[in-house]
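Please keep the sequence and the structure in view while reading.

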Amino acid sequence: MFNSLKNSLFWPTIFGAILISLWYGSIALFAIPEYQLPPLHRIAEAGFEERNILLSGAGQTLIACLIGFFTSVFGGVVLSVLLASNPWAYKGVYPYILILKMTPVIVLAPIVILWAGQGLVSITIITFLICFFPIVVNTTMGLRSTDPGLVDLFKVYNGNSWQELLWLRLPAALPFFMTGLRVAAALTPIGALYGDTVAGMGSSDEAGLGFVVMIFSAQFKVPALFAAAFTACSIGFMFVGLVNLFSWWVLHKWHDAYLGDE
Amino acid sequence: MENPAKSSPIIPDPFLTLSQVRKSFDGEVDVLKSLDMDISDGDFIGLIGPSGCGKSTVLKLIAGLIPPTSGTIEFSEQNLAEHLAYVFQDATLLPWKTVRDNVALPLQLKGVGEQARHNAANKFIELVGLNHAADLYPRELSGGMKMRVSIARALCVEPRLLLLDEPFGALDEMTRDILNEELLTLREATGWTAMFVTHSVSEAVFLSSKVIVLKPNPGEITECIDIPLDFPRTAATREDPVFVEMVVKVTKALRSVHVKGSD
């Protein structure tokens with residue numbers, strides 16, 4: 001475990017060092033002003049100076065992420081079970097889910113705000129609109145592709161349809177669901193940040209990271225803007241990391257993808 | 001429970017009767033055309049025939065997985081259908097359950113409590129010699145071990161009728177021979193009537209009290225060959241002249257339908 005961690009950190013560290021030298025080198029070489037590309041230490045300084053607004057923004061965004069994510073997971077799974085449980089629901093409803101997905105969220109957002117007003121409810125809905133699709137697509141696929149041999153097995157031993165759903169279809173769909181979950185986890189911060197920029201609240205203790213970015217941008221605080229970008233990035237990493245950990249925890253004992261991982 | 005494995009297959013009362021069973025899928029060509037079959041208590045029926053003769057379909061019909069297009073399938077006693085177990089072509093184990101929980105699955109579906117079903121599962125896991133593997137997951141097992149688990153799972157319902165659909169088809173010959181011998185030993189210990197679908201003549205002769213040869217397009221019984229070899233049979237049975245004679249006889253029957261068949 002430790003060795004593999006060491007191995008997986010080696011090349012990223014090398015490339016990181018190259019990237020940082022290029023960063024500083026090009027600033028020095030081409031005399032790039034700070035308002036275009038601030039040096040890294042200035043970004044760190046700005047991040048420290050603005051830590052209060054950044055942290056509270058990150059906190060707000062994190063709350064929006066969690067609510068949006070869990071709403072998507074819950075809604076996505078319920079929808080998937082409905083879609084997979086009868087063929088006419090799948091045929092009838094799926095095209096409309098596609099229509100909803102194909103309509104850009106940028107277009108939908110003003111309508112959402114019109115209905116739900118500024119604030120967390122709208123941000124949650126916008127996050128949901130961005131995140132639920134990969135969960136629905138993957139979970140439905142998983143629920144519909146249960147091994148027919150296993151379905152026969154449940155029939156031979158007179159399993160009822162609830163037992164078939166709970167003990168066969170849902171666990172068999174887990175690896176698919178986890179794939180959807182990972183994609184959704186990567187999209188969640190995007191949804192929350194975008195939602196914040198269009199539906200966020202301006203007052204300082206309610207502003208999410210998206211709103212903070214707009215403030216810094218308006219004030220031309222470029223190093224702080226970069227610091228906000230790094231903060232958003234780390235939220236995304238944390239989110240995806242937690243979901244990967246969860247996926248490992250659920251699947252590692254029996255799924256082939258984690259074979260030799262113990 | 002009495003032990004039907006020990007009794008001779010001459011017992012006249014039918015256990016399961018198929019009369020004029022016909023099966024066609026989507027109204028297309030018949031897969032099975034007018035099948036008549038009497039299975040007696042204690043029989044070990046080997047079903048053999050070229051691909052497309054509907055061997056597996058016969059088992060699916062008996063298990064109630066698919067309905068016959070016409071004809072009837074009758075059990076001599078009402079509750080016999082509930083004492084039926086099925087061993088599939090693949091091991092069909094749930095990958096997220098341990099060996100023990102896989103074996104206990106049929107009991108779990110019947111609503112048996114965890115302790116009781118684990119006790120039952122342990123007994124059959126021991127019987128197939130997988131004590132050491134009870135807590136492993138299927139991905140950690142070899143093909144032969146998976147098949148053993150699958151058989152233990154079938155035995156866990158204490159079946160009167162066991163349907164086996166080419167269970168050892170994917171295994172190497174050595175493993176298959178050993179599992180054949182083990183299967184007969186298990187039958188001595190637990191006692192059930194069997195229908196066994198296979199492609200292998202020697203497997204059919206070794207296991208069966210009666211080999212039924214099917215022809216394809218549409219599936220029909222062409223020959224019913226009694227195997228006059230005493231149970232219990234062991235590895236030495238394969239060297240018995242009667243065994244060899246029977247292999248030749250079944251092979252000939254099979255070859256004649258193969259020539260008539262389209263491939």
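## A term and the model

A residue is called buried when its relative accessible area is under 20%, and exposed when that area is over 50%. The model described here is predicted.

## Val21(B), a residue in a strand

Val21(B) belongs to strand S1 of chain B, which covers residues 14-24. Is Val21(B) buried or exposed? Its relative accessible area is 0%, so Val21(B) is buried.

Which residues touch Val21(B), if neighbours within four places in sequence are left aside? The contacts are Leu32(B), Lys33(B), Ser34(B), Leu35(B), Leu61(B), Pro68(B), Ser70(B), Gly71(B), Thr72(B) and Ile73(B). A separate pair shows how distance in sequence and distance in space can be set side by side: Val21(B) and Pro67(B) are 46 residues apart in sequence, and their C-alpha atoms are 10.0 Å apart in space.

## Gln108(B), a residue in a helix

Gln108(B) sits in helix H2 of chain B, residues 99-109. The relative accessible area of Gln108(B) is 11%, and therefore this residue is buried.

With neighbours within four places in sequence left aside, Gln108(B) is in contact with Gln163(A) and Trp167(A) of chain A, and with Lys97(B) and Arg117(B) of chain B.

## Chain A as a whole

How many helices and strands does chain A have? The chain has 10 helices and 0 strands. Read from the N terminus, its elements follow the order α-α-α-α-α-α-α-α-α-α. Along the principal axes, the C-alpha atoms of chain A fill a box of roughly 75 × 55 × 30 Å.

Chain A has 262 residues, and 40% of them count as buried. Among contacts in chain A with a separation of 6 or more, 72% join residues 24 or more positions apart. The chain exposes about 14,500 Å², with carbon and sulfur atoms supplying 73% of that area. Its charged side chains are 11 positive and 13 negative, and the centres of these two sets lie 7 Å apart.

## A nonpolar patch on chain A

Part of the surface is a nonpolar patch of about 770 Å². The residues that make this patch are Phe10(A), Trp11(A), Ile14(A), Phe15(A), Ile18(A), Leu19(A) and Leu22(A).

One of these patch residues, Phe15(A), is placed in helix H1 of chain A, residues 2-30. Why does Phe15(A) count as exposed? Its relative accessibility is 54%, and the cut-off for exposed is over 50%.

Definitions and conventions. Residues numbered from 1 in each chain as written. Chains lettered and ligands numbered in written order. Predicted model: local features only at pLDDT ≥ 70, side-chain atom pairs only at ≥ 80, totals over all residues. Heavy atoms only, no water. Helix = DSSP H or I, 4+ residues; strand = E, 2+ residues; numbered from the N terminus. Buried < 20%, exposed > 50% of the residue type's maximum accessible area, 1.4 Å probe, protein only. Contact = heavy atoms within 4.5 Å. Patch = residues over 30% accessible without salt bridge, like charges linked within 9 Å, V, L, I, M, F, W, Y side chains within 5 Å. Areas by Shrake-Rupley, 256 points an atom, 1.4 Å probe, with all protein chains shown as cover. Salt bridge = Lys/Arg side-chain N within 4 Å of Asp/Glu carboxyl O. Lys, Arg positive; Asp, Glu negative; His and termini not counted. Charge placed at Lys NZ, Arg CZ, Asp CG, Glu CD.
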